[in-house]
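Welcome! Take a look at the structure, then try each task before reading on.

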Amino acid sequence: MLGVPVAAAAKERFDGDRVEITSLIGDVTGRDIIVLDDEIANGSTIIAILDLLREHGARSVRIACTHGIFANDAVHRIAADPDVVEIVTTNTVPTAGLLAHDKLTVISVASAFAEAVRRIHSGESVSALFDPTHV
């Protein structure tokens, strides 16, 4: 949808919190990267990806996830990486303001949930909310 090249990383999770990124497909050298993840809990996967992107010469990194749990001070560990420009998450997980950081943006999903409930109540299509041609 953005009209830009895509890269993908493959990961292996080991006992506990240890993650190893085993391969990177695509060219990230000299590029500004957006890393998309469904959930960031302890941040081990993101930290591993940041190391890999640095090794491959990425210029800057923005991180976006749906569910920002950010346990064990993960948001601060990720934000401390000098290549990280911004971290964006939704408010699907209550944080009670514990995640305050200049690099963190939390976006509300309230209007999307409200629209889904309205559509269900009215018998309209909820799946149309996810159709990029109707945005």
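Helices and strands here are DSSP runs, numbered from the N terminus. Keep in mind that this is a predicted model.

**Exercise 1.** Work out which elements line the largest pocket, and which one gives the largest share.

*Solution.* Start with the space itself: the largest pocket holds about 700 Å³. Next, look at its lining, which counts 24 residues, with Val-6, Ala-7, Ile-33, Ile-34 and Val-35 nearest the centre. Two or more lining residues come from each of strand E1 (8-13), strand E2 (19-25), E3 and H1. The largest share belongs to E3, with six residues. Finally, sort the lining by class: 17 residues are nonpolar, two polar and five charged.

**Exercise 2.** Find the order of the strands in the open sheet, and explain why one side of E3 and of E6 has no neighbour there.

*Solution.* Reading across the sheet, the order is E3-E4-E5-E6, with parallel pairing. Strand E3 (32-40) and strand E6 (104-107) are at the edges with a single partner strand each, so one side of each lacks a neighbour in the sheet. On average, neighbouring strands are turned by 20° against each other, direction ignored.

**Exercise 3.** Describe how E4 and E5 are joined.

*Solution.* Strand E4 (residues 60-68) runs parallel to strand E5 (residues 84-90), and four bridges join them. As an example of facing residues, Ile-63 stands opposite Ile-87 in E5.

How values were computed. Residues are numbered from 1 along each chain as its sequence is written. This is a predicted model: local features need pLDDT of at least 70, side-chain atom pairs count only at pLDDT 80 or more; totals for chains, interfaces and linings use all residues. Side-chain values use heavy atoms; hydrogens and water are left out. Two strands pair if DSSP finds at least two bridges between them. Axes are lines fitted to C-alpha atoms, for helices over the stretch in contact, and angles run from 0 to 180 degrees between N-to-C directions. On a 1 Å grid over the protein atoms alone, a cavity is a set of points where a 1.4 Å probe fits but cannot get out, and a pocket is an open set with protein on both sides within 12 Å along at least five of seven lines; lining residues have an atom within 4 Å of a point. Grid points are joined across faces, edges and corners, and a volume is the space filled by probe spheres set on the points. Ala, Val, Leu, Ile, Met, Phe, Trp, Tyr, Cys and Pro count as nonpolar, Asp, Glu, Lys and Arg as charged, and the others, Gly among them, as polar.
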